[in-house]
Amino acid sequence: MVNLAFKLMELIALSLDLPAKRFVEFLEDHASFIRLNHYPPCPSPDLALGVGRHKDAGALTILAQDDVGGLEVKRKSDGEWVLVKPTPDSYIINVGDIIQVWSNDAYESVEHRVKLNSEKERFSIPFFLNPSHYTMVKPLEELTDEQNPAKYKAYNWGKFFTTRKRSNLMKLNVENVQIYHFRVSE
Ligand SMILES: O=C(O)CCC(=O)C(=O)O
Ligand SMILES: [Fe+2]
């Protein structure tokens, strides 16, 4: 899984006209993890979500899902939620917030949510590729210049992650930390 994630990061680097290994320096002590999701059947799937709308905060997510389906992504053109149909023997790749910041918005992280099924339970296994805890996340210098200045201020990944996690656990009635909090105002 790690090898696949690193390979994908190489392809993303190349797509941005960067050297293939450009992201390796941020991934030396990468703080990646896997989550095992179980969604039991829900008698009223219209009243509850398996996972509420969010964007993955890390670099990249590689998701394995079973054949039940439920993951939806928000289509940018019209804001509609679109079902990601389960395809056997394949992974779903989600761009996370960090690639959005590194690429200075050339890539955009995708908003998604999970709907529940009234009859079937569902399992999914996301692998989250995260940089090293001490990484300062900011737009890459090669991708910014006077015409296209950095759209984000630098933030520390470890601090960002723990702040978000803590507020999740405490279910505080405050908004989670988000990358747009680091957006440079225009
Ligand atoms: O279960 C899924 O398909 C996605 C779960 C998810 O978005 C997440 O764990 O961040
Ligand atoms: Fe997610």
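Biologist: Which residues are linked with Lys7 in a network of salt bridges?

Modeller: A salt bridge pairs a side-chain nitrogen of Lys or Arg with a carboxyl oxygen of Asp or Glu, within 4 Å. In this predicted model, the network of salt bridges joins Lys7, Glu10 and Lys21. One of its contacts is the bridge between Glu10 and Lys7, at 3.4 Å from N to O.

Biologist: Where do Glu10 and Lys7 lie relative to one another?

Modeller: Both belong to helix α1 (residues 2–15), and because they are three residues apart there, about one helical turn separates them.

Biologist: Is Glu10 buried or exposed?

Modeller: Buried means under 20% relative accessible area. Glu10 has 17% relative accessibility and therefore counts as buried, whereas Lys7 is partly exposed, its relative accessible area being 46%.

Biologist: How many salt bridges does the whole structure contain?

Modeller: A search of the whole structure gives eleven salt bridges. Among them is the one in which the side chains of Arg22 and Glu142 meet, with 2.4 Å from N to O. Arg22 is placed in the loop between α1 and β1 (33–34), and Glu142 in the loop between β10 (136–137) and β11 (155–156), so this pair ties together parts that are 120 residues apart in sequence. Arg22 counts as buried at 17% relative accessibility, while Glu142 is partly exposed at 45% relative accessible area.

Biologist: Which residue forms a salt bridge with Arg113?

Modeller: The partner of Arg113 is Glu72, and their closest N and O atoms are 2.7 Å apart. Arg113 lies in strand β8 and Glu72 in strand β5 (residues 71–74), so the contact ties together parts 41 residues apart in sequence. Arg113 counts as buried at 17% relative accessibility, and Glu72 likewise counts as buried, at 11%.

Biologist: How many aromatic pairs does the structure hold, and how are such pairs read?

Modeller: A pair of aromatic rings is described by the distance of the centres and the angle of the planes. The structure holds nine aromatic pairs. In the pair of Tyr155 and Phe160, the ring centres are 4.9 Å apart and the planes stand at 35°, so the pair is tilted. Tyr155 and Phe160 are both buried. Phe160 also forms a tilted pair with Phe182, with 6.1 Å centre to centre and 50° between the planes. Phe160 lies in helix α3 (residues 157–170) and Phe182 in the segment after α3, so the pair ties together parts that are 22 residues apart in sequence. The relative accessible area of Phe160 is 3%.

Biologist: Which residues do ring pairs link into a cluster?

Modeller: The cluster consists of Phe33, Phe128, Tyr155, Trp157, Phe160, Phe161 and Phe182, linked by ring pairs.

Biologist: Turning to the backbone, what is the phi of Asn104, and where is this residue found?

Modeller: Asn104 has a positive phi of about 55°, although it is not a glycine. Asn104 is found in the loop between α2 (97–102) and β8 (112–115), and it counts as buried at 3% relative accessibility. Asp105 is also not a glycine, and has a positive phi of about 80°. Asp105 is placed in the loop between α2 and β8.

Biologist: Which residues does the UniProt annotation "domain: Fe2OG dioxygenase" cover?

Modeller: According to the unreviewed UniProt entry, this annotation covers residues 30–131. The end C-alpha atoms of residues 30–131 lie 5 Å apart, and the span is 6% helix and 39% strand.

Note on methods. Residues numbered from 1 in each chain as written. Chains lettered and ligands numbered in written order. Predicted model: local features only at pLDDT ≥ 70, side-chain atom pairs only at ≥ 80, totals over all residues. Heavy atoms only, no water. UniProt positions renumbered as here; feature names shortened; annotations may be inferred. Helix = DSSP H or I, 4+ residues; strand = E, 2+ residues; numbered from the N terminus. Buried < 20%, exposed > 50% of the residue type's maximum accessible area, 1.4 Å probe, protein only. Phe/Tyr/Trp six-rings, centres within 6.5 Å; stacked < 30°, edge-to-face > 60°.
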